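The questions below go through the packing of a single chain.

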Amino acid sequence: MLMAHPAVLSNLIEQYTTLRVLHAEDGSEEVRQRMDDLAYTLCVSTGTRDVDAALIAARHRLPGARPEDDSVLMA
């Protein structure tokens, strides 16, 4: 499986997180569609099937991620 570069994953995480906040405030269809697109890209990039798992997997691939990171417990 091809793995996305950490810089790409970082950008995807940042975009998705920002849009999640916008969707909570705005709830527009355009924001929802972009979130769906980013969720799909994150899942493909991390080999997962769920956006929450994809976010965890992507964060673990970033520089500075620690194996004992408890972000898995927060999902």
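Q: What is the handedness of the crossing of α1 and α3?
A: The model is a predicted one. In it, the axes of α1 and α3 lie 9 Å apart and the helices pack at an angle of about 135°, which makes α1 oblique to α3. The crossing of α1 and α3 is left-handed.

Q: How many charged residues does the contact of α1 with α3 have?
A: From α1 the contact takes Pro-6, Leu-9, Ile-13, Tyr-16, Thr-17 and Arg-20, and from α3 it takes Val-51, Asp-52, Leu-55, Ala-58, Arg-59 and Arg-61. By class, seven of the residues in the contact of α1 with α3 are nonpolar and one is polar, and the number of charged residues is four.

Q: Which pattern does the chain follow along the sequence?
A: The chain has three helices and zero strands. Among the helices are α1, residues 6-25, and α2 and α3, residues 29-46 and 51-61. Read along the sequence, the pattern is α-α-α.

Q: At roughly what angle do the axes of α2 and α3 cross?
A: α2 passes α3 in a left-handed crossing. The two helices are oblique to each other. Their axes come within 9 Å, and the crossing angle is roughly 55°.

Q: How many polar residues does the contact of α2 with α3 have?
A: On the α2 side, the residues that meet α3 are Ala-39, Leu-42, Cys-43 and Thr-46. On the α3 side they are Val-51, Ala-54, Leu-55, Ala-57 and Ala-58. By class, this contact has eight nonpolar residues and no charged ones, and the number of polar residues is one.

Q: Which helices are included in what covers the buried residues of α3?
A: The buried residues in α3 are Val-51, Ala-54, Leu-55, Ile-56 and Ala-58. Val-51, Leu-55 and Ala-58 take part in the contact with α1, and Val-51, Ala-54, Leu-55 and Ala-58 are among the α3 residues that meet α2. What covers the buried residues of α3 includes α1 and α2.

Q: Is Ile-13 buried or exposed?
A: Ile-13 is found in helix α1. Not counting residues up to four places away in sequence, Ile-13 touches Leu-42, Leu-55, Ala-58, Arg-59 and Leu-62. The relative accessibility of Ile-13 is 10%, so Ile-13 counts as buried.

Q: What distance separates the C-alpha atoms of Ile-13 and Ile-56?
A: Ile-13 lies in α1, and Ile-56 is one of the buried residues in α3. Along the chain the two are 43 residues apart, while the separation of their C-alpha atoms is 9.7 Å.

Q: Which residue caps the N-terminal end of α3?
A: The helix α3 covers residues 51-61. At its N-terminal end, a side-chain oxygen lies 2.8 Å from the backbone nitrogen of Asp-52, and the residue that provides this cap is Asp-50.

Conventions. Residues are numbered from 1 along each chain as its sequence is written. This is a predicted model: local features need pLDDT of at least 70, side-chain atom pairs count only at pLDDT 80 or more; totals for chains, interfaces and linings use all residues. Side-chain values use heavy atoms; hydrogens and water are left out. Axes are lines fitted to C-alpha atoms, for helices over the stretch in contact, and angles run from 0 to 180 degrees between N-to-C directions. Helices (H or I, at least four residues) and strands (E, at least two) are DSSP runs, numbered from the N terminus. Angles under 35 degrees count as roughly parallel, over 145 as roughly antiparallel, 65 to 115 as roughly perpendicular and the rest as oblique. A crossing is left-handed if the near helix is turned anticlockwise from the far one by less than a right angle, and right-handed if clockwise. Contact means heavy atoms within 4.5 Å. Ala, Val, Leu, Ile, Met, Phe, Trp, Tyr, Cys and Pro count as nonpolar, Asp, Glu, Lys and Arg as charged, and the others, Gly among them, as polar. Buried means under 20% relative accessible area, exposed over 50%, partly exposed in between (1.4 Å probe, protein chains only). A polar contact is a pair of N or O atoms within 3.5 Å; within protein, one must be able to donate a hydrogen and the other to accept it, and residues adjacent in sequence count only if both atoms are side-chain atoms.
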